[in-house]
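These are my notebook entries on one protein model. I recorded what I looked up, entry by entry.

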Amino acid sequence: MIDRVTKESTMRHEPNAATFFNGFAETFDTIYDQKRNLFMRWVDCTFRSDMFIRYALTFEAFGQLRGRTILDIGCGSGPYIVEAFKRGASRVTGIDPAPNMLALVRQRLHQNGFGENRCELFEGTFPDTSVKPHDCIIVMGVMDYVADPQTFLTALKPVVKQLAVLSFPSLHWYRTPFRKFRYRLRRCPVYFYDEALIRTLCANAGFGDIRIHKIPGAGMDYHVCLKP
Ligand SMILES: C[S@@+](CC[C@H](N)C(=O)[O-])C[C@H]1O[C@@H](n2cnc3c(N)ncnc32)[C@H](O)[C@@H]1O
């Protein structure tokens, strides 16, 4: 059972990420659909290739989804939600504090011929929104904005029945300060990780099987698979 979280309480816990992504929702969504101008498509291919690689790695890790329940924490505009349904998921739950992102999820579901009857969307943050266990959990592009990753991961553990896949942004000598600066201007703090820190956080949260893969090349992200 999921407790609905009011917009006010969401804003109290994650004010900056929620506000930033609410305003950025439409633009963010165009990255997936390659609707941007030539220059921005070059920027996306060069600096945001991780978004596409982690998407492919996630569904490769899940394999068959027929009949499974999926929870997408920080679902954004819903590309993973729709893909999970295409792969046979029985139910999908999405959580995101940005109402404009959730509006785009509903639009994406309808555009792809999926109704909302097997999809529950909740406006809120994790772990402030309590959720029942799901077979597979997606946490993509979210740990970047989580100020207390240990509390987040510890709350995640009892929710995972089979497999959770997460991305964590890595530290890079010039891209990290540049990204910090850009997000400081947006008043949205970002957080970075190395492999040792990810392993310690996940082990402390109680996960028994921790697989960490650094996305190569221009990659900035770690793609992490966790089993209970
Ligand atoms: C970079 S977007 C990624 C969206 C989607 N997962 C994807 O990969 O396309 C990050 C999303 O996480 C949401 N978010 C940030 N902190 C969150 C939290 N603690 N709980 C749930 N969602 C969160 C933001 O509102 C935003 O929509």
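Entry 1, overall. I looked up burial first: of the 228 residues of the protein, 53% count as buried (under 20% relative accessible area; exposed is over 50% and partly exposed lies in between, with a 1.4 Å probe and protein chains only). The model is predicted, so I note that local features need pLDDT of at least 70 and side-chain atom pairs count only at pLDDT 80 or more, while totals for chains, interfaces and linings use all residues. Residues are numbered from 1 along each chain as its sequence is written, and side-chain values use heavy atoms, with hydrogens and water left out.

I find nine helices and seven strands (DSSP runs numbered from the N terminus: H or I of at least four residues for helices, E of at least two for strands). Among contacts (heavy atoms within 4.5 Å) between residues at least 6 apart in sequence, 69% join residues at least 24 apart.

Gly-206 follows helix 9 and has a positive phi, near 100 degrees.

I find that the two axes come within 8 Å and cross at roughly 45 degrees (axes are lines fitted to C-alpha atoms over the stretch in contact, and angles run from 0 to 180 degrees between N-to-C directions). That makes helix 7 oblique to helix 9 (under 35 degrees is roughly parallel, over 145 roughly antiparallel, 65 to 115 roughly perpendicular and the rest oblique). On the helix 7 side, Pro-149, Gln-150 and Leu-153 meet Thr-200, Leu-201, Cys-202 and Asn-204 of helix 9.

I located Asp-135 in strand 4 (residues 134-139). Asp-135 is buried, with a relative accessible area of 10%. A polar atom of the Asp-135 side chain lies 2.9 Å from the backbone nitrogen of Thr-69. Leaving aside neighbours within four places in sequence, I list Gly-67, Arg-68, Thr-69, Lys-161, Gln-162 and Leu-163 as contacts of Asp-135.

Note on methods
Polar contact = N/O pair within 3.5 Å; in protein donor to acceptor, adjacent residues only side chain to side chain.
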